[in-house]
Amino acid sequence: MRSPMSVLTPYLRVGGNAHPMASLAVVSSVLGTLGLITPLPSLVRGPAALLYAFAGPGAAIMLWMPEVSGALRRTLVPVLSMAAMIIVSYLAVLQGLWHPQWQLALMIVATLASVAVFNVRNGRLPHPDRADGRTEEVLR
Amino acid sequence: MTIALRDRTTSPPARPGREGRTALRSALRPTPARIVLVAAAICWLISLPSLGRAPISQYGLLAAGSPLFAVSIALSGLGLVLAARASDLLAGWAAVAMSIATMRLTITLATANPFYSWTYKHLAVADYIRETGSAARDVDIYHHWNGLFAATAWLSDITGISAITMAHWFTPVIYTLIALLFYAVARIWQCPPMIAVIATFIVQSLDWVGQGYYSPQCVAYVLALGIIGLFGWALRTGRASRPVLALILTAFVAITVTHQLTPYWVILLAFLLTITGRLRPRWLFFVMGVMAVAFLAYNWSSAAKFGLLSSGDVVSNAQTNIPLVGVRGQQVTSQIVRILSGGIWATALLCAIWSAVRKRPFLVPSILAFSSFGILFGQSYGGEAIFRVFLFSLPGCALLIAPVIERLAKFRLTVLPLIAVAMAAAVASAQGLYGAWSAYNMPEEENRISAQLMEDNPVPTYITAVAPVWPERNSARYVDFARWDPGFDATLVYVAKLVGSHFNTDVDYARFMDAVALHGATPTLLVVTQQMRVYDWYFGILPYDAIPNLEARINKDGRWKPYLLTPNVHVYEYLEAR
């Protein structure tokens, strides 16, 4: 029986022919999970969580914006990440639902879900007959 | 021809690594611009260790610090012009980086904690949200537009990094982001790479206003630049597509919950671009307007006392919030930044006319450059409107001026005057930013003692500063005090109307004590600091001898007892309140 992670991994490919924004979103999300482990010293979880906070949500959004390209595309990643962070934390305060760790976990799940759905929609799927996880797109 | 064809078609592909080596060799090639910028970096690095220990000066850090610091700033301006002359993009970026180092990173490296006293009011709100998970909407307006503060508390929670550390490093990080973002914006707005780098340098180095500290304004400005980039994208494609509209509105929501003024500038910009036929769909500015007004209505309880429109008098709205005449150094700095700001606006206007005459695109950057003046028709923003007008206009001015600089840098006749102007403008902007260094620099000790006073004393207690400047609200605890009495920390020279007093007469002291007596039987602590003496003298609030004169009287008066004494901070307890 395969573990849930091994099932998910092909949908969250990094490097190779993966979309650069998808790679950024996945890598920052994986590092961002360190922000959930509060006993870790801030020297470790600080940079990791900061990377997610300023790159993850923006990359997950820009993944769906192929029409915006060039330098603007890259620089909108931290801008949209900031916007997402502001909106999430503002709503958390407004609704009295202040649970930063839970909200971070939900944002990471949403980021990874965005990447997985993008890969499925764009045919960047693992080929069923290939154990090495090469995608349909490559095989086509 | 044959040889050329053969070369192109049959020559073996370049060995891996050869291209990289060529690029590296090209990057390391010494050119005048690169040599100048390396010299600028060396000057800055040599000057840096001494800047934190610069003596008090009414002319600021450029005068009191190492002369090499001013030299490094001037050299960054020279480096940019030489880079433009040689169309050297790498050197252009190096000039931008050098400018960020001298103008933004220096503040962080030369101080131990956030620089401006008013930063702590922002940090206190973030601290309260982190402690309670809620906003104290009954206390002040900061809790209503709390987007940045909630995000800081949230970020501090998940990273384990304190909000004060984030605030301390905020300036260089945010200006780096502004530089990268504005370059992208300039590229979208049809600027070739070199012109975009020049425009980025202008936006970065001529922003003397110093609003890049940890503040809602600065974050809203960054988000607004993102929206301006997306406007540019919509302009390029003829109409904003649904995904682009979604991005614009997402960033706009974040601006709306973060800052009071910036959304209206963005709406004004969208409106002007729409009526000039540059931005589609036409309803975009209307939707933004509805969002901003709805949010204002939701928070009207806190905003009502400031009024929707302060006055229709443009001249009065353009007045700054520094109504007093300061010392000579303050006047000189004010004069320099007036000339610099006026010069930038006048040059941008001339460049717009020049572009119009040459039938080049000018309307859109002109709208970006001059739309912010619209703020002055309705708001003084507590005397800060004119600073916001400058901040908001700078990107548009840079887009108008940069092509002219690039052109003038190429001509032998104009390059020398251009170098002189670029170096003078860079130094003038630095003088605007660092002129009040001695007055603004908030010692770490004061921040610590202020927090300690609030922690150690029960509510109700008046913790009042004699005069500005003091980080009076710097922890979550201030909310308890402010709920009891919003004026628990009211500055006494303002309450007693003693601005300008020397405190060398019994009458002045009696008026001062009358103001203290208003506290009745409630415990009162009085704070006097060395930093107050410098700040008040610099801005003309109190003469230089006022604070020592007042302290001499307090020390002779049996109604006061020393509560805490350090070399720079003296706190007295009012015994009559017992």
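How do you know that?

Visitor: B:Ser87 lies in the loop between α5 (67–85) and α6 of chain B. Why does B:Ser87 count as partly exposed?

Guide: A residue is buried with 20 or more other C-beta atoms within 10 Å of its own, exposed with 12 or fewer, and partly exposed in between; the C-beta atoms are placed from the backbone. B:Ser87 has 14 C-beta neighbours inside 10 Å, so partly exposed is the label. Mind you, this is a predicted model, in which local features need pLDDT of at least 70 and side-chain atom pairs count only at pLDDT 80 or more, while totals for chains, interfaces and linings use all residues. Residues are numbered from 1 along each chain as its sequence is written, and chains are lettered from A and ligands numbered from 1 in the order in which they are written.

Visitor: What is phi of B:Ser87 near?

Guide: Near 50°, a positive value, and B:Ser87 isn't a glycine. Most residues other than glycine have a negative phi, and most peptide bonds are trans.

Visitor: How do you know that B:Phe503 counts as buried?

Guide: B:Phe503 has 23 C-beta neighbours inside 10 Å, so buried it is. B:Phe503 sits in the loop between α24 (492–495) and α25 (506–517) of chain B, and phi of B:Phe503 is positive too, near 55°.

Visitor: And A:Arg121, what makes that one count as exposed?

Guide: The count for A:Arg121 is 10 C-beta neighbours inside 10 Å, so it counts as exposed. You'll find A:Arg121 in helix α5 of chain A. From A:Arg121 to A:Leu72 it's 49 residues in sequence and 24 Å in space, C-alpha to C-alpha.

Visitor: What makes something a helix here, and how many are there in chain A?

Guide: Helices are DSSP runs of H or I, at least four residues, while strands are runs of E, at least two; both are numbered from the N terminus. By that rule chain A has 6 helices and 0 strands.

Visitor: Why is helix α18 (residues 363–370) of chain B called largely enclosed?

Guide: 6 of its 8 residues are buried, so the rest of the structure largely encloses α18(B). The buried ones are B:Val364, B:Pro365, B:Ser366, B:Leu368, B:Ala369 and B:Phe370. Their cover includes α11 (216–237), α13, α17 (328–357) and α19 (385–408) of chain B.

Visitor: Why are α3(B) and α6(B) called roughly parallel?

Guide: Axes are lines fitted to C-alpha atoms, for helices over the stretch in contact, and angles between N-to-C directions run from 0 to 180 degrees. Under 35 degrees counts as roughly parallel, over 145 as roughly antiparallel, 65 to 115 as roughly perpendicular, and the rest as oblique. Helix α3 (residues 32–51) and helix α6 (residues 89–110) of chain B cross at roughly 5°, with axes coming within 10 Å. Roughly parallel is therefore the name for this pair.

Visitor: Which classes do the residues of the contact of α3(B) with α6(B) divide into?

Guide: There are 14 nonpolar, 2 polar and 1 charged. Nonpolar means Ala, Val, Leu, Ile, Met, Phe, Trp, Tyr, Cys or Pro; charged means Asp, Glu, Lys or Arg; the others, Gly among them, are polar.

Visitor: How many residues of chain A are in contact with chain B, and what makes a contact?

Guide: Two residues are in contact if their C-beta atoms, placed from the backbone, lie within 7 Å. That gives 33 residues of chain A in contact with 40 residues of chain B. α4(A) gives the most to this side of chain A, with 17 residues. By class, that side has 23 nonpolar, 8 polar and 2 charged residues.

Visitor: Which residues have the most contacts inside the largest nonpolar core?

Guide: They are B:Ile198, B:Ala199, B:Leu223, B:Ala251 and B:Val466, in a core of 245 residues. Such a core is a set of buried Ala, Val, Leu, Ile, Met, Phe, Trp, Tyr and Cys residues joined through C-beta atoms within 7 Å.

Visitor: Why does this core lie between domain 1 and domain 2 of chain B?

Guide: Because domain 1 (29–111 + 162–439) and domain 2 (442–577) both give residues to the core. The bounds come from an automatic or database domain assignment. The domain centres, taken over C-alpha atoms, are 37 Å apart.
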